[in-house]
Amino acid sequence: MIVPMGHILIVSTTLFFMGLGCILARRNLIMILIGIEIMINAAGLVLVGASAFWRQADGQVFVLLLMGVTAAEVAIALAMVVYLYGFKRNLDIDNFDGMRG
Amino acid sequence: MSRELIFLIPLLPLAGALLNMLGGRFWPRRVTESLAVAAVAGATLAAALLWPLSGGEGTTVELFGWLRAGPLQVPMVLHFDRLAACMALMVTGVSTLIHVYGTGYLHRKEDGVRFFVLLNLFVFAMLTVVLADNLLLLLLGWEGVGFCSYALIGYWYREEENASAGRKAFLVTRCADVFLLAAILWLFQVTGTLSITAINAQAPFLAPGTVTLLALLLLVGASGKSAQLPFMTWLPDAMAGPTPVSALIHAATMVTAGVYLLCRVFPLISQSPTGMAAIAAVGTLTALYAATCALAQRDIKRLLAYSTMSQIGYMFLAVGAGTVTGAMFHLLTHAFFKALLFMAAGGIIHLAAGEMDLFKLGGLARRAPWVFWPLLAGILCLAGIPLTGGFFSKDAILLASFARGGTFYQVLGLLGLLTALLTAMYSFRLIYLVGPARNSIPGEAHHLPSSMLWTLVPLALAGLSGGLLNLPAAWGGNQWLEGVLSAPLIAEGEAGHGLELALGLTAAGLSLAGLLWARWRYAGKPEPRPVGTSGTFFLKGWQADRAIETLLLGPFRAIARFWSTMVDERLLEGGVFLAARSCEGFGQQLRRLTSGRLGHYLTAMAFGLGAIMVWVLLQSI
């Protein structure tokens, strides 16, 4: 294995927290979705690295599954974004507080 | 003759009641009346025809098992012996006449179907009590009698007074029924059976203390239905019902049930001298109490109600003095003349357009001789004028009491004699107030239906000649009832004819003294005297209602109020409200968490994630 496992973990953790930071910091709905994508892919990177490390195909199969799920999620999320934009004419999440107790 | 036919006696009135209940509204009034009368008349006929079956040990018929659970066997079983046959004949016979009277009494009044249905049910319930061999079956009839009395006393329930009188009768008798139920359960525990004949057979082998307590419990149970001290307050108020109902309650059904119950379990209670003494004492005191109250009454029906209470007291004295024959003898003659008195009183009230005040009635002798003469016959029996039925039966009881010996029974006998004097006084007071014409004769000429007149005649004849049932040997009689019940009035050789004759003469003298007193006091004196404090005291029945109110109902209400306001409203309801309010307040605080902002939720999620990771880290160290 060319790249050591420790490096893969560092990169993916950094990616994950960058995605998390994006989610927490941004107010735009699309940016939040992007943050989610980054976090999912960080997890996927760990899975691929671990798969190569232990020489088992399971991790790669799992990543394929993850990609399918992400595609579906993005499809639904973008459809909702379009709908919400039509609803409020912007995508600032602070405008959507219909669930306030 | 088939033994199962005995079931016809109670089932015929039940069938009449059911038919009228279901179809009463579809057919005309005449049919309802005829069905009701025919049902009871059929029962009378059945009881008369089946009389031979009651000979010897009697006939016991089991129709089917009702409850079967291990040792508890409650079959539908009737026991038809001489005692039950006498009672059944009297109940059905008198009830038939009262039913016929009722057709005239309720003529052209609304709601007749309900009246006749309840009347038939009343007779059915009473016949169940009379014929049942099983104590639980007896209790069923017993409660049926209580229910029917409630429904019939409050028959005109639209007036609050009547409805509450019905409730009072039901509740007061119910209180005593609890004791009867306790006695029944205890008997089952001790003897392992509920059959009256089996219990009576086992009676000599029971522990004396148990028998005494059982006798006392049975006494209290019987006191409720028979309106003895201290459960007597319902009877005067029961006059709120229609007059045929009063006649039925006072003569044939209801109040005699207690006496009959004691006669039925006589082999048991006679094992306990204490119990017998208590029964005799309760009877005598009630007789005296009710007689003093009757002297002061102004309402004709209340006067008769108190007189019933007094006469039932005599019957209790008879049972206590150990003579079932005496009790049954007086029960039978009393049934005849008391039904007669109530029916005559109903006629008088009808004639006077609902007026019941004795001092406003009058002139009956001239205006309605057909009511007056039967009334006089009934009064003569009640007062115990010699040679009437009441004279012989009352004499038999007093004789039994004196012949039993011992100071206790002598004193009770003397009190009984005093009561006899009072009885004669209030009886003739009634006659002197109602009979002669005085200044005020209220009411326009009401017409009495013929069925309200001719029914009085057989009762008057039966009452007057009732002594023939058990004419004492001293009067040359054959003592038929003693032979039939195979229970001698008094133990052999305890009392000579001398005592019997002396007692008869004394009783005759006392009744004549009562007559003279009433004549001196009331004859030709139209205006009532002002009522003093003692008069009010007796009028209100020794203030028994007020005493019960202060001693029993008042504290009961106070306790109930304490529980309802302090415990229920403040404590329990307060606790519930406190819990509800705190939940609500907590929720109010919690709702602030849901701000509806996505950022807040995501932050919370991130912190949660961090916490989980920290926890996992700490675990792995």
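Mentor: In α1(B), the residues L8(B), I9(B), L12(B), P13(B), A15(B), G16(B), L19(B) and N20(B) meet T32(B), L35(B), A36(B), A39(B), V40(B), G42(B), A43(B), A46(B) and A47(B) in α2(B). Two residues are in contact if their C-beta atoms, placed from the backbone, lie within 7 Å. Helices (H or I, at least four residues) and strands (E, at least two) are DSSP runs, numbered from the N terminus. This is a predicted model, in which local features need pLDDT of at least 70 and side-chain atom pairs count only at pLDDT 80 or more, while totals for chains, interfaces and linings use all residues. Residues are numbered from 1 along each chain as its sequence is written, and chains are lettered from A and ligands numbered from 1 in the order in which they are written.

Trainee: Why are α1(B) and α2(B) called roughly antiparallel?
Mentor: Helix α1 (residues 8-23) and helix α2 (residues 29-49) of chain B pack at about 175°, with axes 8 Å apart. The axes are lines fitted to C-alpha atoms over the stretch in contact, and angles run from 0 to 180 degrees between N-to-C directions. Under 35 degrees is roughly parallel, over 145 roughly antiparallel, 65 to 115 roughly perpendicular, and the rest oblique. The pair is therefore roughly antiparallel.

Trainee: What makes Y314(B) count as buried?
Mentor: A residue is buried if 20 or more other C-beta atoms lie within 10 Å of its own, exposed if 12 or fewer, and partly exposed in between. Y314(B) has 29 such neighbours, so it counts as buried. Its place is in helix α14 (residues 300-320) of chain B. Leaving aside residues up to four places away in sequence, Y314(B) touches G283(B), A287(B), H330(B), K394(B), I397(B) and G416(B).

Trainee: Is α18(B) mostly covered or mostly open?
Mentor: Mostly covered, since 15 of its 15 residues are buried. Just after α18(B), G405(B) takes a positive phi of about 85°.

Trainee: Why is helix α26 (residues 598-620) of chain B said to lie largely in the open?
Mentor: The number of buried residues among its 23 is zero, so α26(B) lies largely in the open. From first C-alpha to last, α26(B) reaches 33 Å, close to the 33 Å expected.

Trainee: What makes L387(B) count as exposed?
Mentor: L387(B) has 12 C-beta neighbours inside 10 Å, so it counts as exposed. Its place is the loop between α17 (369-383) and α18 of chain B, and its phi is near 80°, a positive value in a residue other than glycine.

Trainee: How do you know that the peptide bond from L229(B) to P230(B) is cis?
Mentor: Its omega is near 0°. P230(B) is placed in the loop between α8 (208-226) and α9 (234-237) of chain B.

Trainee: What does the domain assignment of chain B give?
Mentor: Domain 1 is 1-194 + 218-264, domain 2 is 272-542 and domain 3 is 549-620; such bounds come from an automatic or database assignment. The C-alpha centres of domain 1 and domain 3 of chain B lie 57 Å apart. Chain B has 26 helices and two strands, and buried residues make up 51% of its 621 residues.

Notes. Expected span 1.5 Å × (residues − 1).
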